[in-house]
Each structure stands twice: as structure tokens, then as C-alpha cells.
Amino acid sequence: MLYYSTRSSNKKVTSSEAIINGIAEDGGLYVPEYLPKIENLKELLDLNYKQLACVVLNKFFTDFTKEEIKECVYNAYNEKFRSNEIAPLKKCEDMYFLELFHGATLAFKDMALSILPHLMTTAVKKHKLEKEVVILTATSGDTGKAALEGFKDVEGIKIIVFFPRDGVSDVQKMQMITQAGNNTHVVMLEGNFDDAQNGVKEIFVDKELKDQLLEKNIILSSANSINIGRLVPQIVYYIYAYMNLVRNKEIELNEEINIGVPTGNFGNILAAYYAKQMGLPINKLICASNENNILTDFINTGVYDINRKFKTTSSPSMDILISSNLERLLYEITTKDSDVVTSYMNSLKNKSAYKINEKQILNMRDFYGDYAKEIDVTNAIKEVYEKYNYVIDTHTAVAYHVCKNYKNISKDNKKIVIASTASPFKFAGSVYRALNKCNYEYNDFEFINKLSEDFDIDIPSPIKDIDKLEVVHQQVCSKDTMKETVCRILKA
Ligand SMILES: *Cc1c(COP(=O)(O)O)cnc(C)c1O
């Protein structure tokens with residue numbers, strides 16, 4: 001299996017090269033040349049999470065040996081996960097919450113960022129690069145911590161994370177500045193997330209710096225969700241959830257289900273789409289947005305237009321206007337026409353918008369798009385608690401609202417699996433206020449305790465007493481000194 005760039009079809013790379021490179025030289029994203037089929041669903045029925053992950057990853061990462069994949073999988077999905085099942089399902093009538101937040105940082109990004117470091121070190125060894133890989137990441141909260149945990153103490157790799165000093169939650173900030181590991185570096189940026197992201201991008205394209213680092217035997221790479229090494233591991237849990245439903249006699253083998261995903265960068269839902277293309281019986285892919293509803297408009301009209309106001313919501317991990325992974329869907333719905341994809345991406349860059357044609361809109365018919373307003377999120381959290389005695393987070397609530405509306409409008413009664421992307425403790429303030437109707441003025445840490453006490457749920461161990469951990473990262477830099485900071489850390 002080889003990988004193309006979404007923006008040109010003449011250069012192919014192996015999966016290990018795609019994982020090391022992260023992004024293609026022409027700025028496109030790596031896509032598999034075809035989507036491998038699941039030959040026999042029934043055979044997957046009795047596999048545990050790790051076994052299933054091996055089957056799926058072997059189909060995509062064909063220049064890794066079976067032993068290498070197995071080692072990566074077993075090193076990733078170990079006791080760091082607080083559930084033996086890794087991704088358990090919570091049944092609420094005909095909706096099932098697929099809990100993807102039992103990893104080290106309480107958000108679904110752990111599912112992929114636990115394994116990416118192992119895939120990357122294996123790939124580096126395979127190519128006998130004999131170089132140190134430095135992962136450089138800008139984060140608005142969840143990705144940075146999940147990457148730090150994933151890459152912590154991984155041999156041959158260093159990781160540097162920049163986050164906006166005043167742009168993340170108290171919990172997220174504490175999670176990062178108390179980060180353990182002798183290869184982790186965390187820097188607070190005096191600026192916003194865009195400054196951090198732009199700064200990192202500039203460092204990536206700095207030819208002079210690249211040469212300077214090469215002399216020191218260092219190469220830079222990214223843990224961003226555009227890396228194919230993050231996307232493929234996400235296919236696993238959709239197949240796992242389906243098998244779980246069959247095993248528990250909730251559905252028949254080959255019965256179709258719908259899947260609902262709270263969507264930001266379009267990575268998680270794209271993995272579900274890939275699972276469908278591989279033959280998993282999925283009917284609709286329900287793409288749920290918050291008030292930054294650019295994807296809702298795109299799915300319903302074919303116009304992607306970022307000329308709109310950016311909104312800050314209670315589901316911050318979905319506050320996004322440019323969904324990078326959508327480029328991979330464009331590649332599929334243009335029937336793999338890289339020239340057309342390139343023209344859309346140029347139009348996005350130059351005019352902040354593009355429009356797909358009728359045929360391409362038709363090729364997107366497996367998707368259903370809608371969004372939740374802030375009040376819908378509050379109501380969804382309340383409703384799920386009152387009906388099922390189950391507390392969901394704000395992102396998951398966005399998906400619940402949209403899925404329920406879909407069911408009412410479409411009269412489609414297929415069972416729905418909802419990707420539950422974060423623990424309610426990660427966004428304890430918003431969740432607690434939704435459940436209590438009041439506008440308390442507690443800080444994040446107090447809200448965590450309140451949520452636990454009032455609703456009788458244990459605080460997940462990774463954030464228990466997090467406010468009492470020792471702060472070990474105190475570096476601050478301005479947006480103009482990011483490059484110097486990186487050089488200083490790497491002694492280059
Ligand atoms: C990143 C994230 C999302 C969005 O996932 P995408 O793959 O970017 O669409 C949703 N919920 C949470 C909690 C996240 O951290």
C-alpha cells in the first residue's frame with residue numbers, strides 16, 4: 001500500500017515515509033492509494049481491541065512487519081488506559097456513547113497519540129535515519145497534552161509544545177506545565193493560538209534552520225492530525241464498537257448503524273468514513289458542529305466559506321474554521337482528482353472560500369450535517385443526565401443534540417453510535433453549570449470536585465489533585481522569539 005499526496009498523483013511514498021514526513025512536500029495530505037476491504041466481518045467478532053488494531057493497521061501500514069505493528073499496538077494500548085476495553089460503549093436506549101476518553105489526557109486524541117510515537121520511532125529505525133526526531137506542536141489545549149503524554153520518554157524523540165499562555169483552560173494549562181518526562185519541553189506563548197500555529201508553521205518551512213538542525217542530526221516532525229499515523233488508528237474504534245454491538249446482540253451482523261461525531265478538524269469523522277469505505281455497515285455519517293458551523297453549511301450547500309466570525313464556545317476543541325482533514329474527503333468526492341483538490345485549496349487560500357459541483361455534492365450524500373447552539377449543548381447535557389443518569393461532556397453533547405434531531409427529522413431508526421470525545425471532567429465548569437442551572441464562580445479545579453461530589457462520579461486519576469502537582473515548565477516566549485527558543489532548547 002502506497003500513499004499519494006491529495007495535490008499530485010505522480011509521487012508515491014510508503015506508509016513509514018508518510019508517517020515521518022507528516023505532510024507532503026507540495027502541501028497536500030497523504031492518502032492511501034485505495035481503501036482496503038474488510039473481507040469477513042464475522043472473523044473480527046471475537047478480537048479484543050489490540051488484536052483488532054493489529055488487523056486494521058496491518059492493512060494500511062504494509063511496509064511495517066506484523067511484529068513491528070504488534071509491538072507498537074501493545075506499547076500504546078496498555079495500562080495507560082483506565083478501561084481494559086480501551087473504548088467501551090455506554091448504552092442509552094438506541095444511542096450508544098463510544099467512550100474514547102479513558103486514556104492519559106481524558107480526550108479522544110489519546111487514541112491516536114498513544115500509538116503515533118511508536119509508529120514514528122519504528123519508521124525512523126526502518127529507514128536507518130540515525131537522527132533525532134523533534135516533534136514541534138502548537139496547541140489550543142487537547143492535542144499538546146496528548147502528544148506530550150504519547151511522546152514522553154520515547155527514545156530518540158524530543159517534543160516541544162507551544163501553547164497560548166492565556167488561551168487554554170486552567171486544567172489544560174496545569175496538565176501541560178506539570179508534564180513529566182526528560183524529553184518534554186513546554187513553552188507558554190505570549191499570544192493566541194493562531195500566533196502559536198503560525199510560528200510553528202514558519203519554523204517548519206525555514207530552510208536555514210532545517211540545515212542548521214540537520215548538522216546536529218535533528219529532523220523536525222509534527223504530531224498534527226494531518227499525519228496519516230494519527231488517522232488510521234482512529235478507524236479501529238469504529239469497527240470495535242460495531243463488533244461490540246453485534247456481540248451484545250444489540251444488532252445483527254451486517255445490520256447498518258449510523259455514526260455521530262462532534263467535529264472540528266474532520267479527522268475523527270473521516271476515520272468513520274474510511275471504515276464505511278472498507279465495508280463496515282454504516283448508513284449515515286452524522287457530522288455535528290457547534291456554532292462554528294462551517295461544515296454544516298458545506299455539507300448542505302457545497303460552499304466552504306471562512307468569511308465569517310469565529311466564535312468561542314463551550315466546546316473549544318471544535319472552535320475551528322479550517323478543517324484540515326476535509327482535504328482528504330475532497331480527494332475522494334472528486335474521484336481522486338488532485339488538480340481539482342489543488343484548485344479548491346488555492347481558492348481557499350486566496351479567496352477564503354471554494355464551491356464544489358453538483359456531482360461532488362452527490363458523492364457526499366453519506367454525510368448529514370447540522371449544528372448545536374450553546375443552549376442546545378446545555379439542554380443536551382441535562383437531558384442525558386435526567387433520562388439516563390449519565391454525564392456527558394460539552395463536545396459529546398453537541399453530537400447528541402444533532403443525532404437526536406436527525407432521528408426526528410429523518411425517521412431513520414437505525415442504532416446510532418456517538419463518538420464521546422472527552423471526559424466531562426475535562427470541561428467540568430460548563431458541564432456542572434449545565435446540570436445545575438446556576439452561574440457559580442468557581443475555578444476549574446473546584447468545579448472538578450463539585451462535579452464529583454454532587455453527581456457521585458470518581459475523578460479520573462490523571463487530573464486528580466492536578467492543582468497540587470509540581471510545576472516543572474516555566475518558559476515563556478513571545479511570538480517573535482519562537483525560533484530562538486527552539487534553537488536554545490535543542491542547543492542548535
Ligand atoms: C479534537 C477534538 C474534537 C474534534 O475532532 P476532529 O478530529 O478534529 O474533528 C472533538 N472533541 C474533542 C474533545 C477534541 O479534543
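Analyst: Let us begin with residue classes: Ala, Val, Leu, Ile, Met, Phe, Trp, Tyr, Cys and Pro count as nonpolar, Asp, Glu, Lys and Arg as charged, and the others, Gly among them, as polar. In this predicted model, the shell around the ligand holds five nonpolar, eight polar and two charged residues.

User: How many residues surround the ligand, and which are the closest?

Analyst: The ligand is surrounded by 15 residues, and the closest are Lys109, Asp142, Gly264, Asn265 and Thr421.

User: Which atom of the ligand is 2.8 Å from the side chain of Thr421?

Analyst: A polar contact pairs N or O atoms within 3.5 Å. Here a nitrogen atom of the ligand lies 2.8 Å from an N or O atom in the Thr421 side chain. The backbone also takes part: an N or O backbone atom of Asn268 is 2.9 Å from an oxygen atom of the ligand, and for Gly267 a backbone N or O atom is 3.2 Å from a ligand oxygen atom.

User: How much of the ligand's area does the protein bury?

Analyst: The ligand exposes 390 Å² when taken alone, and the protein buries 96% of that.

User: Turning to salt bridges, how many does the rule count?

Analyst: A salt bridge requires a side-chain nitrogen of Lys or Arg within 4 Å of a carboxyl oxygen of Asp or Glu. By this rule the count is 18. One of them joins Asp206 and Lys483, whose closest N and O atoms are 2.8 Å apart. Asp206 sits in the loop between α8 (193-204) and α9 (207-215), whereas Lys483 belongs to helix α20 (residues 482-490), so the pair ties together parts 277 residues apart in sequence.

User: Is Asp206 buried or exposed?

Analyst: Buried means under 20% relative accessible area. Asp206 counts as buried because its relative accessibility is 18%, while Lys483, at 28%, counts as partly exposed.

User: Where do the partners Asp366 and Lys276 lie?

Analyst: Their closest N and O atoms are 3.9 Å apart, and the two residues form a salt bridge. Asp366 lies in the loop between α15 (358-362) and β14 (367-371) and Lys276 in helix α11 (residues 267-277), so this pair ties together parts 90 residues apart in sequence. Asp366 is partly exposed at 21%, and Lys276 is buried at 18% relative accessibility.

Methods:
Residues are numbered from 1 along each chain as its sequence is written. This is a predicted model: local features need pLDDT of at least 70, side-chain atom pairs count only at pLDDT 80 or more; totals for chains, interfaces and linings use all residues. Side-chain values use heavy atoms; hydrogens and water are left out. A residue is near a molecule or strand if one of its heavy atoms lies within 4 Å of it. A polar contact is a pair of N or O atoms within 3.5 Å; within protein, one must be able to donate a hydrogen and the other to accept it, and residues adjacent in sequence count only if both atoms are side-chain atoms. Accessible areas come from the Shrake-Rupley method with a 1.4 Å probe; for residues, only the protein chains shown count as cover. Helices (H or I, at least four residues) and strands (E, at least two) are DSSP runs, numbered from the N terminus. Buried means under 20% relative accessible area, exposed over 50%, partly exposed in between (1.4 Å probe, protein chains only).
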